[in-house]
Amino acid sequence: MKRPQLPARVMRAGVRALVRPVLHPRFPLTLQRRWLELVTAPTPLPADVDVRPGDLGGRPAEVLTARGSDGTRTLLYLHGGGFTVGSPATHRALAGNLAAAGGATVHLLDYRLAPEHPFPAAVDDAVAAWRQLVERGADPARAAIVGDSAGGWLALTAALRLRDTGDRLPAVLGLISPWLDLTGASWPAEVADPMLQPAWLHACAGAFGAGADVGGPAFAPLRADLAGLPPMVVQVGSEEILLPDAVALARAARAAGVPVDLRRLDGLWHVAHASAGLVAESTAAVGAFGSALAARLSPPSRPATSPAPGRRRASAR
């Protein structure tokens with residue numbers, strides 16, 4: 001039975017009324033974290049996705065698997081939340097819908113949050129998680145690192161570190177509404193973002209940086225040399241102040257020879273994908289995102305077969 005869908009305008013109004021006001025420095029992070037878990041709890045998981053507990057790189061993780069998938073596609077998912085909020089609980093439905101859309105197993109990492117664990121703790125966790133996935137047998141040619149919002153920053157920054165240390169890289173990076181300029185210099189003043197407030201973003205960047213200059217090289221992947229990174233699939237809403245970050249990334253990556261599939265989702269807000277299963281446009285966005293990632297993942301290798309006894313291979317002419 002198909003679940004009734006909310007109009008996008010109704011969900012946008014709900015995000016503006018129930019989420020945006022709480023994501024503000026005047027509220028303690030403990031309240032913000034709990035509130036996000038409460039408001040995301042009603043979002044349904046697809047019926048054909050199984051969830052089990054796991055661990056990666058010394059951190060807890062949830063493993064979401066689409067039934068009927070071939071088991072060879074692997075996604076490491078890094079949730080958003082300004083480096084200070086968010087968890088597998090808040091992003092379980094999004095990750096589950098992505099598992100179904102991409103026919104993949106999604107490892108949803110519970111990385112350490114600021115201010116309790118400032119930079120580089122979350123990056124260290126992401127890198128350690130990827131390395132353990134590979135050690136456990138995940139084929140990088142069939143794997144992606146994916147992140148939304150601050151998780152997009154983590155995905156890109158982790159990929160840069162993995163490239164620089166000579167690790168095997170994933171076949172593709174998937175970024176949803178990535179927050180890449182932590183200084184806020186790129187934010188357009190005229191955009192009335194239904195979800196994000198500059199004051200909250202600045203507070204999150206400060207907590208993550210713990211006194212460091214968040215405009216410095218360690219925090220600025222947009223100013224890094226992106227050559228040698230995997231192809232990227234990027235989606236961003238037209239109604240968010242982070243739209244320029246995604247556009248700047250696509251420009252910089254293409255200049256470095258990295259293929260980028262950038263999609264602007266007209267009429268959608270920051271990480272509207274989180275409403276997949278409730279809003280038709282969000283469901284469609286996750287479906288397109290998952291399909292684009294899957295298209296970049298190599299088919300599983302097949303062992304070469306020997307000619308049957310008594311038969312000879314035809315020689316090339």
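**Charged pairs**

Tutor: Start with Arg112, which is partly exposed, with a relative accessible area of 26%. Keep in mind that this is a predicted model.

Student: Which side chain does Arg112 meet in a salt bridge?
Tutor: Asp125, at 2.9 Å from N to O. Arg112 sits in the loop between strand 4 (105-109) and helix 4 (121-135), while Asp125 is in helix 4. They are 13 residues apart, and the pair links distant parts of the chain.

Student: Is Asp125 buried or exposed?
Tutor: Asp125 is buried, because its relative accessible area is 4% and the cut-off for buried is under 20%.

Student: New topic. How many salt bridges are there?
Tutor: The count is 12. One of them joins Glu239 and Arg12, with their closest N and O atoms 3.0 Å apart.

Student: Which parts does the pair of Glu239 and Arg12 tie together?
Tutor: Glu239 is in the loop between strand 7 (232-237) and helix 7 (243-255), and Arg12 is in helix 1 (residues 8-18), so the pair ties together parts 227 residues apart in sequence. Glu239 is partly exposed, at 24% relative accessibility.

Student: Back to helix 4. What does Asp124 pair with?
Tutor: Arg161, in a salt bridge of 2.7 Å, N to O. Arg161 belongs to helix 5 (residues 150-164) and Asp124 to helix 4, 37 residues apart.

Student: How much relative accessible area does Asp124 have?
Tutor: Asp124 has 30%, so Asp124 counts as partly exposed. Arg161 is partly exposed too, at 28% relative accessibility.

Technical notes:
Residues numbered from 1 in each chain as written. Predicted model: local features only at pLDDT ≥ 70, side-chain atom pairs only at ≥ 80, totals over all residues. Heavy atoms only, no water. Salt bridge = Lys/Arg side-chain N within 4 Å of Asp/Glu carboxyl O. Helix = DSSP H or I, 4+ residues; strand = E, 2+ residues; numbered from the N terminus. Buried < 20%, exposed > 50% of the residue type's maximum accessible area, 1.4 Å probe, protein only.
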